[in-house]
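Good morning, and thank you for coming. Please take a moment to look at the sequence and the model on the screen before we go through them together.

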Amino acid sequence: MSVLLILFRMVGGWLLLAVVAGLISGFSNASLLAMINHSLTLPQEKSALAPGIQFALLALLMLATRIVSQTTFMFLGQKVKAHLRGELTRHVSETRWLSLERAGMAKTVSVLTQDLDTLVVFFVSLPNLFIYGAVIIGCLIYLATLSASVLALALVAIALGTLGYRAAHGRAIGLLRRSRQREDTLIQQCKKLFDGGREYRLNAARRQRFVYGELDNIEAARRERTRGYVLYGLATSWGSILFFAFIGLVLFGLRDSLTLDPAAITGYVMIFLYMIVPVEGVLSSLPTIASARVALQRVQHLRDHLPPEQPQRPL
């Protein structure tokens, strides 16, 4: 089940409100861009009052719905974190001691802290994901009104960017998942550092073996997490390069063959330049979705492996 569907079951209609507000904000943003382009390329009307009022109302709508979306998502992130933390705490308290020892204290603490914080970060990034997504869709719709051939080029650029991202995504999510597993081991090793603190201080040789031997996971976790985020960064850069490549292709390679008027060329360049930030915003939000998926899987895995203790029947 997808991350959004699982979380929707926890928060219900509040999530729908936040998503709808984010989409409205994004489409309002794209509409403002269309109005700006029309005002630059089309003759001015005798009375500019009506377009000015429309622009102001659209700007207020974009701002209000953006605030609603961001505030609601932040509220939901803390609500989900508190709900899962309380549920897991009750679950752990009702689990047989043998099952709890088998699961390990390190993994339980890691889920109750780091994985739940990952879900909060996921909620904080969701407004930009939906707002930027709506901006991209709105810009593509506006491109369709300017030129169908330019829209086709834009879709090709987005398709190539998506393929590049998917090529990096599978490798990156595997690295992030392995780094989270190593962090569980690190927590367990830190517990050993406190449990055997007096012994390590009396035995310098054993302390050195512990520091330089068992804690190799620190560097391994750093490498794997760094590689995962670097792959996501390369995917984002790949999308930006493609956008500029297609702008150059239309302006300097296909301008005559496409027979575009100056107004369409201006609108095309403005929209593509404006879409760079939303596309990078969407791509930069995708790692948080991958991290949230891993975190939810770990939460569910912990619940499945910590069954509640059955009450004993009286003799």
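Let me begin with a definition: helices (H or I, at least four residues) and strands (E, at least two) are DSSP runs, numbered from the N terminus. What we are looking at is a predicted model, in which local features need pLDDT of at least 70 and side-chain atom pairs count only at pLDDT 80 or more, while totals for chains, interfaces and linings use all residues. Residues are numbered from 1 along each chain as its sequence is written, and side-chain values use heavy atoms, with hydrogens and water left out.

The chain has eleven helices and zero strands. Read from the N terminus, the order of elements is therefore α-α-α-α-α-α-α-α-α-α-α.

A word on confidence. The predictor's confidence in each residue is given as pLDDT, from 0 to 100. The average over the chain is 77, and 80% of the residues score at least 70. Among the elements, the highest mean, 87, belongs to H2, and the lowest, 64, to helix H7, residues 197–202. Where pLDDT is low, the predicted coordinates should not be read in detail.

Next, burial. I call a residue buried under 20% relative accessible area, exposed over 50%, and partly exposed in between, with a 1.4 Å probe and protein chains only. Of the 315 residues in the chain, 42% are buried. The chain exposes about 17,500 Å², and carbon and sulfur atoms supply 66% of that area; the areas come from the Shrake-Rupley method with a 1.4 Å probe, and for residues only the protein chains shown count as cover.

Ile173 is an example from the inside. This residue lies in helix H6 and is buried because its relative accessible area is 10%. A contact here means heavy atoms within 4.5 Å. Beyond its neighbours within four places in sequence, Ile173 is in contact with Tyr232, Ala290 and Val294. The C-alpha atoms of Ile173 and Ser291 are 7.7 Å apart, although 118 residues separate the two along the chain. For the chain, residues 24 or more positions apart make up 86% of the contacts with a separation of 6 or more.

Which residues touch the most other members of the largest nonpolar core? They are Phe73, Leu119, Phe123, Leu143, Tyr268 and Phe272, in a core of 64 residues. Such a core is a set of buried Ala, Val, Leu, Ile, Met, Phe, Trp, Tyr and Cys residues joined through side-chain atoms within 4.5 Å. At least two residues each come from H2, H3, helix H5 (105–146), helix H6 (148–195), helix H9 (217–253) and H11. H11 gives the most, with 19 residues.

Tyr274 counts as partly exposed because its relative accessibility is 31%. Its contacts, leaving aside neighbours within four places in sequence, are Asn29, Leu33, Val135 and Cys139. Between Tyr274 and Leu33 there are 8.5 Å from C-alpha to C-alpha, at 241 residues apart in sequence.

How many salt bridges does the structure hold? It holds one, where the term means a side-chain nitrogen of Lys or Arg within 4 Å of a carboxyl oxygen of Asp or Glu. Lys81 pairs with Asp117, and their closest N and O atoms are 2.6 Å apart. The pair links distant parts of the chain, with Lys81 in helix H3 and Asp117 in helix H5, 36 residues apart. Lys81 is buried, because its relative accessibility is 17%, whereas Asp117, at 35%, counts as partly exposed.

Thank you for your attention.
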